[in-house]
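Welcome! Have a look at the sequence and the structure below, then try the exercises with us.

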Amino acid sequence: MTTLSPAVFLMGPTASGKTASAIALVEAGLPVELISVDSALVFRDMDIGTAKPDAAELARAPHHLIDIISPEQSYSAAQFRSDALALMADITARGKVPVLVGGTMLYYNTLQHGIHDLPQADAALRASLHAEADQIGWPGMHAKLAGLDPATAARLAPNDQQRIERALEICLLAGRPMSELLAQPASDPLPYALSKIALVPSDRAALHARIEQRFDLMLQNGLLDEVARLRERYTLSLDLPSMRCVGYRQAWEYLDGLVSEAEMRDKGLAATRQLCKRQLTWLRGMDDVQEIDCLQPDVPAVVRDVVSKVLAGA
């Protein structure tokens, strides 16, 4: 019997302290390398609104898969899996353990369970869905999805156009709910001995307060200026994945005069709380997860001790 090499998932909702905990692992001298699992951190020049580790932090604890594409480009879960597997193999070959850290739960799911055999995109059907969305709005399309696939709809925000569209497309082409297809074994599961750690709040309201403080700090640190610079430097639109990231869409609307500053802040906080809820829903559905209260004192030290035990037993 072949012994699988170890790998660690360090997961959690937004503002739960994942980055600080991951950096602490490197600074403690543990034989690990970090791979970012974040669909927003892949974009270059999107630093403030993504809470990207700064240059000093990345110098102390380098992360793979940060700043790898332009905000004009897209990056799929399948691309992430391919990139992550190549990095994990390289890290393992050098005698280290890959620690995958971030909050994009779809990436974790795709990495662990493989690529499912889902229907390919259908241009005609997508055009039809867009026409219907023009009539009833994406919340209306979300309600339609809830009738076809309640499990998937429950983890998607009513305005998450990209994911609602894809879920409806799959349901209609396959004649079955996307959640049912994703529940089936994939063709190529992850060939590693996984230890899954989740930073979760013992008090949701306390995490929401932390989210509010962090969003206000992003605004103070120049989120609006960052979005203005992005619009000057790149050819962007609200249809691109980069500008659908939490905070960026709301800042865009403010810069276009569509909402007031107060409305922009309220919408940004609401979107971040919705993201947090979806991340926690994903985590509740995962098995073999060791939970750590992200609100307790010195979370990085707790995570370090847990990972140290994992490595000692590997």
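Predicted model: local features only at pLDDT ≥ 70, side-chain atom pairs only at ≥ 80, totals over all residues.

Residues are numbered from 1 along each chain as its sequence is written, and side-chain values use heavy atoms, with hydrogens and water left out.

**Exercise 1.** Find the partner of glutamate 169 in a salt bridge, and say whether glutamate 169 is buried or exposed.

*Solution.* 
Step 1: A salt bridge is a side-chain nitrogen of Lys or Arg within 4 Å of a carboxyl oxygen of Asp or Glu.
Step 2: Arginine 166 is the partner of glutamate 169, with the closest N and O atoms 2.7 Å apart.
Step 3: Both residues lie in helix 7 (residues 161-174), three residues apart, about one turn of the helix; helices (H or I, at least four residues) and strands (E, at least two) are DSSP runs, numbered from the N terminus.
Step 4: Buried means under 20% relative accessible area, exposed over 50%, and partly exposed in between (1.4 Å probe, protein chains only).
Step 5: Glutamate 169 has 0% relative accessibility, so it counts as buried, whereas arginine 166, at 24%, is partly exposed.

**Exercise 2.** Which residue forms a salt bridge with lysine 196, and where do the two lie?

*Solution.* 
Step 1: Aspartate 287 pairs with lysine 196, the closest N and O atoms being 3.0 Å apart.
Step 2: This pair links distant parts of the chain, 91 residues apart: lysine 196 is in strand 5 (residues 193-200), and aspartate 287 is in the loop between helix 12 and strand 6 (289-293).
Step 3: Lysine 196 counts as buried at 5% relative accessibility, while aspartate 287 is partly exposed at 46%.
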